[in-house]
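Have the sequence and the model open while you go through the points.

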Amino acid sequence: MISAGKLAEILKAELVGDDSLELTAVSKIEEATSDEISFIANSAYFKHLPESEAGAVILDHIPDGEEGKRTYLITPEPYRAFLATLHHFHPTLDHSTPGIHKSADVAPDVQIAEGVTIGPMCVVESGVIIGKHSILRAQCFVGRGTTVGEDCLFHSRVSVRESCIIGNRVIIQDGAVVGSDGFGFAPGEEGYTKIPQVGNVILEDDVEIGANTTIDRATLGKTIIRQGVKLDNLIQIAHNVEIGKNTVFAAQVGIAGSSKVGANSMFGGQVGMAGHIRLSDGIMVAAQSGIHKDPGAKSIIGGTPAVEIHEWQRSFAAIRKLPDALKRLRKLEDKGD
Amino acid sequence: MISAGKLAEILKAELVGDDSLELTAVSKIEEATSDEISFIANSAYFKHLPESEAGAVILDHIPDGEEGKRTYLITPEPYRAFLATLHHFHPTLDHSTPGIHKSADVAPDVQIAEGVTIGPMCVVESGVIIGKHSILRAQCFVGRGTTVGEDCLFHSRVSVRESCIIGNRVIIQDGAVVGSDGFGFAPGEEGYTKIPQVGNVILEDDVEIGANTTIDRATLGKTIIRQGVKLDNLIQIAHNVEIGKNTVFAAQVGIAGSSKVGANSMFGGQVGMAGHIRLSDGIMVAAQSGIHKDPGAKSIIGGTPAVEIHEWQRSFAAIRKLPDALKRLRKLEDKGD
Amino acid sequence: MISAGKLAEILKAELVGDDSLELTAVSKIEEATSDEISFIANSAYFKHLPESEAGAVILDHIPDGEEGKRTYLITPEPYRAFLATLHHFHPTLDHSTPGIHKSADVAPDVQIAEGVTIGPMCVVESGVIIGKHSILRAQCFVGRGTTVGEDCLFHSRVSVRESCIIGNRVIIQDGAVVGSDGFGFAPGEEGYTKIPQVGNVILEDDVEIGANTTIDRATLGKTIIRQGVKLDNLIQIAHNVEIGKNTVFAAQVGIAGSSKVGANSMFGGQVGMAGHIRLSDGIMVAAQSGIHKDPGAKSIIGGTPAVEIHEWQRSFAAIRKLPDALKRLRKLEDKGD
């Protein structure tokens, strides 16, 4: 609970209305009640204001006719103020109490820094190092010799296999797997022989990995996810891949072995990328596309095989006209006979 | 074990043959042996009857030449009778004995109704409520403050995160994740800042969730899976999505954030759907399609971007003729010169 | 550690250089240091040789100008020699000590052969049989009545449900699910009724299953993965599917119910296949394709719906010319008026 006046002070927002109003939660503009605060950061949402029962609203101006109907916190950056408000109401999203749960199985030589939480049914193998204030929720697995940095948060049932290196402030959602064997087999006369996968995975600082996403260890060397990369759920990263700094992938993307994605790129959902390709930086890829070569820095591409996005859109518009065009072509041919 | 006569009585089927035949199992028509019962619900399977060794067969009529070869249970609805037979032979598919396994970690304030089973290595956090006769098999996780209804069945290694609401008779297959953080980041000068995901997930009554499927919690508000929805394996449901009543998705479908799918819809495998779209009810979508807008109620659509299914089929047929058409066009042009 | 001379002897390679050089690890040619050994199996990598700091290199000949710069192990099959070297440096990739971890929950009637390892937090239900030298790492689940063969390796958090049959030398990566319920529902007036899934899954000898891959049990009968099949991560195999001997699937492939894939086939990533199809042997499928019918033995196919690969490539090349062709068609029509 916080009063509207106190919150306005924290947000450095102008308060118009009742500064003593006690706010109990942050809520969507359509759902907020009289003791809740909401926000409008996108002008499309102003239409919800007349019917909203929100006690207070963060916005950049009060639209005509809405004056005096509720309390307003006015700021030039309502979205930023909303984020700060969220952080105020949910100061920490994990209530863990530091310490090793009695049911966890932690090898005697594991090095655990201060303030670390290891939850129930976790398994931490020999030689692991875990940095300050990191949290492993329930049923996580950390394999032999892996290093976990500071302020990391692993949700339930995360597996990080042996010999991996996890940076600081890394968040891994439930069920994700880091360091599974790369998919490498040598064909022989009597079927395939497994190629031992003896490399590892490195997740640099500020990486977030989605639920049930899988990141394979390198055959030799390393699979690297660079600083600030955000991967959504059910993504596949194959062995020896490198993903550049601050790149973001939507769900169900798949990157084949030994490929390299540049920095500051954005891939839509279900994109696939062939192996052994090196992409430039700043590329945007439409959902469900298939990437077979580097389109150059800052390209926007779509389709399978992916081409420049406007070319792809023109091709698809043309395909819709194709059945009719084939008839017209036949007609011209008949005329010419 | 049940005699053919007794089973015919339960199924209200007409028995032709040996009513004292003791049946030990239900099996496929191609694999059934002389003490097993099989069924034919689809006329395409009558071809297997002459070679079948099944002791008894459920069907809607005895084809010429098959009389007297085995025992028959005749009913106008053989498939329904088959389902009833399956339920007879497998009255419950889980042999759990109610109670909390000694290895489970259950917070002291968890409210557990009668007949609940909590299996080995489960972790149930503070504030959880679990309704009558629900079963958590091994290694499940239920986060703080989540409510689970009656007669639910969670298979091995299911995670349901904090503050979620699970209805009655919900089945969740192994490894599925409900309530992982939505994929929300605010871009800034030094990379992305995580937007706290403080909403939840609601699974209404009679929902079934497939193995390793992931359903993200809402940023604010709720992600909702309506009554009777069935989701197959490895599906991604993003934050703030709503899936309408009795809708069915095949495996590996992905729905982006804040989209709404209508009731009574069917999506084939690997379909992708963009964010912030609201679909009408009763839509059928071909496998691997990409949905970018609402095609209207009861539409049947295919392709990426998805269009009416016959238009899609015509386009693909036309594409196969395109290389030849381009040659013919060139020829006409040459002629015109 | 092994000396270059001793290793050359094991590999039956010709040694040119210092046979007393002590080697400490295998590394990539670009990353190897003076006490490490690397290899060149693909002529494209010879370009890295001049700058490489590797103490020793396995190759099939010494290129001009590189003589005397380091120690060489010369063999006509450098890749095979590299694999043998890897196996020498990593004789076993798992350091498990046989035995049942004190935290595991193993039913009293489980039959465990000699040399078996059952790791921490594993749950093994009643009636399970586990063959010699098989290893279950942490947090695995094996359901009632399942049989696991000899020399198997289950990584962390593997679930194999009830009544399944796992052959010898089967490797399952972290988080994979074998034997989850098939996706079967009978439509009715008030929504869908679940069809009990009472079949099982059979994984034959030498199968490898990727991380978070899901293989559903059969409705009746069995889902079969034949000898030597290798499945990458996040793959979906539906109920009653059969995958033929030595077939290989890249990540995120999905096979719908009751379909059969032949032997010695290779599917690229994100391929989808409709239900109730039987494919011939030796088929290769380009990534992201959609298979709707059997193209015949040894076909190479691509696209959705998948067609012969050159036809698909011609179609895509033609589509890129289509917008221009439509203009040319219009021009011809105008001329004809």
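1. Does B:Arg161 count as buried or exposed? B:Arg161 counts as buried, because 29 C-beta neighbours fall inside 10 Å. (Buried means 20 or more other C-beta atoms within 10 Å of the residue's own, exposed means 12 or fewer, and partly exposed is in between; the C-beta atoms are placed from the backbone.)

2. Before going further, a word on what you're looking at. This is a predicted model, in which local features need pLDDT of at least 70, side-chain atom pairs count only at pLDDT 80 or more, and totals for chains, interfaces and linings use all residues. Residues are numbered from 1 along each chain as its sequence is written, while chains are lettered from A and ligands numbered from 1 in the order in which they are written.

3. Back to B:Arg161, which sits in the loop between strand E18 (159-160) and strand E19 (165-166) of chain B. (Helices, H or I with at least four residues, and strands, E with at least two, are DSSP runs numbered from the N terminus.) Leaving out neighbours within four places in sequence, B:Arg161 is in contact with A:Asp174 of chain A, and with B:Gly143, B:Val178, B:Gly179, B:Ser180 and B:Arg217. (Contact means that the C-beta atoms, placed from the backbone, lie within 7 Å.) B:Gly184, 23 residues apart from B:Arg161 in sequence, is 17 Å apart from it in space, C-alpha to C-alpha.

4. Now look at B:Val178 itself. Not counting residues up to four places away in sequence, B:Val178 touches B:Arg161 and also, among others, B:Cys164, B:Val201, B:Leu203 and B:Ile209. In the largest nonpolar core, with 209 residues, A:Val178, B:Val178 and C:Val178 touch the most other members. (Such a core is a set of buried Ala, Val, Leu, Ile, Met, Phe, Trp, Tyr and Cys residues joined through C-beta atoms within 7 Å.)

5. Next, the sheet in chain A. Eight strands make an open sheet with parallel pairing, in the order E10-E13-E16-E19-E24-E27-E30-E33. (Two strands pair if DSSP finds at least two bridges between them.) At the edges are strand E10 (111-112) and strand E33 (260-261) of chain A, each pairing on one side only. Further in, E24 (residues 200-203) and E27 (residues 222-225) of chain A run parallel, joined by four bridges; A:Ile202 has A:Ile224 as its bridge partner in E27(A).

6. E27(C) pairs in the parallel sense with strand E24 (residues 200-203) of chain C over four bridges, and with strand E30 (residues 242-243) of chain C over two bridges. C:Ile225 is the bridge partner of C:Leu203, and C:Glu242 that of C:Ile224.

7. How do the chains meet? Chain C puts 50 residues in contact with 47 residues of chain A. On chain C's side, helix H2 (78-89) and helix H3 (309-336) each supply at least two residues, and H3(C) has the largest share, 10 residues. That side has 20 nonpolar, 20 polar and 10 charged residues. (Ala, Val, Leu, Ile, Met, Phe, Trp, Tyr, Cys and Pro count as nonpolar, Asp, Glu, Lys and Arg as charged, and the others, Gly among them, as polar.)

Key:
Contact = placed C-beta atoms within 7 Å.
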